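Thanks for coming. I will go through one structure, and I will start with a question once it is on the screen.

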Amino acid sequence: MKAALACLPLLLLAACDALPRDPAGSSVRIRATKMLRVGVAQGEPDFGRAASARLLGRLARETGARPRLSAGSTEPLLMALERGDLDLVLTPLDPESPWMTRVSLSPPLAARGMDERRVTYHAVMRNGENRWIMTVEKAARRAADAGVEP
Amino acid sequence: MTTIADEFPPDIRDAMRGAERLQWWKIGWTVSIVAVMGLTMGQSQTMKTAWVEDLVSLVPSVAFLVAARMERRGARSKRFPFGFERANGLGFFLAAVALAATGALLLYDSVMTLVHVEHATVGSVRLLGHDIWLGWLMLAAQLYALVPPLIIGRKELPLAETLSDKLVHTDALMNKANWMTGAAGIAGVVGLGLGWWWADSVAAAVISLDIINDGVKALRSSTAELIDSAPRALSSPDLSDDAQALKARLQARYPAADIRLRETGRRIHAEVHGAAGPQEPIDAPDLWPAGEERLWRLAQIAFVPPRREVEAGRG
């Protein structure tokens, strides 16, 4: 009985790790193929470059996958992400943007400007891929520029 | 001037005060649930609808408290010569609308999510230095939200029976709907965690059908009451057995008369059309089929004697 009680927290911890999973299997595929398909918004102000590099480094260590970067403009990249052709898009995004309900944003990686003129840089994931979203969110919190508040 | 509640026996008045206390408790718990659920709701469909449902479940409680207060405090007056007997019936109607609307809303939302193949995102939060999946917090919130309606609903059913109160009964149904949605929500969030994006909405849709069923039944009874239909049973739109037995006894005593019964809140009114009433006091316990301790439900027996026909060519 005591042994069973002692095991309970361990079991709970194991269960904590079992959920969530990805409906479209992003995390499993990234580990299996060892490839992380990343879209980087081009021609945008690159204030998020340093934080993005730190994020990709962390994700590479975590998953054992190598990032394969493709550049483009934000809109086509997000559409590719929604189709499942990309795992991650790095771009500045307005929190009021209509994309907000169609994709999932990490906490801000970097920010520029103040108040009304504030622009934040995010890692963007496909909706519902909850394990993958959580992995990126965790890495993003650690990779973000110092002093960037969500 | 007297109030409606003055005519009730003391144990019924006590039961009413008990029901009022229970509703205050329910409002307190519900407000805390709404707050906890609101904090953890995220993008989950079942969480969102469970939250709306918890909010809507305040309607029957508030309606009951207002109606009960009017019954207890509202004296008959020049402007309200019949007192506030029907306040409970109006509250019943409001509660029924709330219940049916909740079911419909839940169904619409979950079907829409399924149709649009929306994959709900449930991300993580940073709490006390740990990255925690928001789903675990949702599960905790749902578990918390499960308990009060379960207990309060169970306490309400016998009170509804004693008070013959359809409003309290509908609120008990609302509580049932609430904890069932909570259970479905738990299944939905776990399903979501397992990567079944549809689990959340399917669970919500199944539950909504049950809620709509209860809501429509309550809606039928309550509209019927407001338009002077024959008294209905507490939990269904079927005719009340007590009322039918009363009608049979009146009919046996006044075979030539037309007996009409209707219900105002928790009480029954009988009208005997086409018979002159007796001059001596009426022996109500003899006519009432449901035992002396429930006699308070018989509000009155009114007689409408036949009219003398106007002779042709007169005046």
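Which residue forms a salt bridge with D87(A), and how far apart are the closest N and O atoms? The partner is R37(A), and the closest N and O atoms are 2.9 Å apart. By salt bridge I mean a side-chain nitrogen of Lys or Arg within 4 Å of a carboxyl oxygen of Asp or Glu. This pair links distant parts of the chain, 50 residues apart: D87(A) sits in the loop between helix 4 (74-83) and strand 3 (88-92) of chain A, and R37(A) in strand 1 (residues 35-41) of chain A. Helices (H or I, at least four residues) and strands (E, at least two) are DSSP runs, numbered from the N terminus. Over all chains, the structure holds 25 salt bridges.

Now the ground rules. This is a predicted model, in which local features need pLDDT of at least 70, side-chain atom pairs count only at pLDDT 80 or more, and totals for chains, interfaces and linings use all residues. Residues are numbered from 1 along each chain as its sequence is written, chains are lettered from A and ligands numbered from 1 in the order in which they are written, and side-chain values use heavy atoms, with hydrogens and water left out.

Next, confidence. The pLDDT is the predictor's confidence in each residue, from 0 to 100. Chain A has a mean of 87, with 87% of its residues at 70 or more; chain B has a mean of 88, with 98% at 70 or more. Within chain A, helix 1 is lowest, at a mean of 61, and strand 1 is highest, at 95. For the complex, the predictor gives an ipTM of 0.82 and a pTM of 0.80.

On to the interface. Contact, meaning heavy atoms within 4.5 Å, involves 17 residues of chain A and 19 residues of chain B. The two chains bury about 1,600 Å² between them, 54% of it on carbon and sulfur atoms. Buried area here is the accessible area (1.4 Å probe) that two parts lose on being put together, summed over both. In chain A, L19(A), N130(A) and R141(A) lose the most area to chain B, together 34% of what that side buries.

There are 2 salt bridges between chain A and chain B. In one salt bridge, the side chains of R142(A) and D131(B) meet at 2.9 Å, N to O. Helix 1 (2-18) and helix 5 (130-143) of chain A each supply at least two residues of the side that touches chain B. Helix 5 of chain A gives the most to that side, with 7 residues.
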